[in-house]
Amino acid sequence: MEIPDIKSRLSIHTVLKHYGLKPDRNGMLKCPFHADDTASMKIYPQTNTFNCFGCGKNGDAIEFCTLKEGSKHKGLLKATELCGELMSVNGKPKQPTSQPKEKHTEILTKIFESFRNGLRNASRAREYLQGRNLNPELLEVGYNSGQFHHRGGLSESDKQACIDAGLLIPYNGSVPNANGGTFTPFAKDCVIFPLRDKQNRIVSIYGRSITNNDKSKHYYLKDRCGLYPSYPNPNTTKLILTEAIIDTATLLQIPEITAEYEILSCYGTNGLTNEHLQAIKELQRLEEIIFFFDGDKAGNEAIQKYFKELSELLPNVKLTAVETPENEDINSLSVAYDTAIFIHLLELSLIHISEPTRPY
């Protein structure tokens, strides 16, 4: 059996089960490769990969076997053996079906399109975007009023697909919920942004609440995967990493920036995922990564953490950071200043993170 065949058939969960390991509901578990008091290993079932934020070990299902068995040869033998457990009774390999994933992306694409259409008549959502200086004519954004499953709007198969995707959460109470239905919609009263896979398909969505803005409510689908706005162009030479999706959306509206830089959003200060790292690692022409995080303690600490991680992963890539004004972020700067401030910050305020003078 060839290695590509093993990778396509062997899931990370099959490997974990073999070794008696089970991640929690957030995909976290105690790392078996170092003394781990708290769960520091993250499992990514969508990409069949793992990453330990404690010891730094990461990789795919075969690499996990390699680490457990003590050598590449033994690890490959174990992975091949585990693939054998997936054989059908007639000795032929079970062919992994792509239907669930196809249905997943299909329903997300369909529902997101309804969110985009819903934004046109959602005055509150449009006012929210206007207040954040975000132009829906320039961005891929929608609005979820929470009504997409009402009034016969979904077939039974689409309704089940929404449940499977996490767009509808079955109500477990003894009486129907306040909406008079039996489901709670995901990210109700949120502006919605799509997350895309390497094939540019919508594989997840992110919601930002337009109510209770002081609490900054964020919503991600279960088993979050995909990148925003998409996987970077393979020819990328300069990549800006932002702290949040709304920050990336802000920069996407500025042609002077998009002409020179690719932009990729992290999902918060702890949101540079293994999928981000893999996508960045594949950029063969990458010369520079620019952190443009919030001008606060959390943002500064995140830059330091990710600098160490990326400098080990990409030793030949220049790492710099924008010195964001104190207590500001990209979007707040956009609301308060002309777009020229971003050109100024990017051109004149780039600081080598490795320098001890970085004002953290």
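**Reading the fold step by step**

Analyst: D60 is partly exposed, with a relative accessible area of 21%; buried means under 20% relative accessible area, exposed means over 50%, and partly exposed lies in between, using a 1.4 Å probe and protein chains only. This is a predicted model, in which local features need pLDDT of at least 70 and side-chain atom pairs count only at pLDDT 80 or more, while totals for chains, interfaces and linings use all residues. Residues are numbered from 1 along each chain as its sequence is written, and side-chain values use heavy atoms, with hydrogens and water left out.

User: Which side chain does D60 meet in a salt bridge?

Analyst: A salt bridge is a side-chain nitrogen of Lys or Arg within 4 Å of a carboxyl oxygen of Asp or Glu, and the side chain of D60 forms one with that of K7, at 3.4 Å from N to O. This pair links distant parts of the chain, 53 residues apart, since D60 lies in strand β4 (residues 58-60) and K7 in helix α1 (residues 3-9); helices (H or I, at least four residues) and strands (E, at least two) are DSSP runs numbered from the N terminus. K7 is also partly exposed, at 47% relative accessible area.

User: How many salt bridges does the structure hold, and where do E106 and K103 lie?

Analyst: The structure holds 13 salt bridges. One of them joins the side chains of E106 and K103 at 3.6 Å, N to O, and both residues lie in helix α5 (residues 99-119), 3 residues apart, which is about one turn of the helix. E106 is partly exposed at 46%, and K103 is partly exposed at 28%.

User: Is D197 buried or exposed, and which residue does it meet in a salt bridge?

Analyst: D197 counts as buried at 7% relative accessibility, and its side chain meets that of R201 in a salt bridge of 2.9 Å, N to O. R201, by its 29% relative accessibility, counts as partly exposed. Elsewhere, salt bridges that share partners join K103, E106, K110 and D158 into one network. D158 belongs to helix α7 (residues 156-165), where D158, A161, C162, I163 and A165 are buried, and α7 is followed by G166, whose phi is positive, near 90°.

User: How should I read a strand, and how many residues of β8 are buried?

Analyst: In strand β8 (residues 190-196), 7 of the 7 residues are buried, so the strand is largely enclosed by the rest of the structure. C190, I192, P194 and R196 point one way from β8, whereas V191, F193 and L195 point the other way. Two strands pair if DSSP finds at least two bridges between them: β5 (residues 142-144) is joined to β8 by 3 bridges and runs antiparallel to it, with N144 opposite C190. β8 also pairs with β9 (residues 202-209) in the antiparallel sense over 7 bridges, and there C190 stands opposite S209. β8 and β9 form a hairpin with 5 residues between them, and N200 in the turn has a positive phi of about 65°.

User: Which residues does T105 touch, leaving out those up to four places away in sequence?

Analyst: Contact means heavy atoms within 4.5 Å, and on that basis T105 touches R201, I202 and V203. T105 is placed in helix α5 and is buried, with a relative accessible area of 8%.

User: Why do nonpolar side chains tend to be buried together, or rather, where should I look for this here?

Analyst: In soluble globular proteins, nonpolar side chains tend to be buried together. A nonpolar core is a set of buried Ala, Val, Leu, Ile, Met, Phe, Trp, Tyr and Cys residues joined through side-chain atoms within 4.5 Å. The largest such core here has 43 residues, and L241, I289 and L310 have the most contacts inside it. Among the elements that give two or more residues to this core are β8, β11 (238-242) and β13 (288-292), while α11 gives the most, with 5 residues. A second, separate core of 21 residues includes I111, F115, I163 and I192.

User: What share of the residues in the chain is buried?

Analyst: Of the 360 residues in the chain, 45% are buried, and the secondary structure comes to 13 helices and 15 strands.
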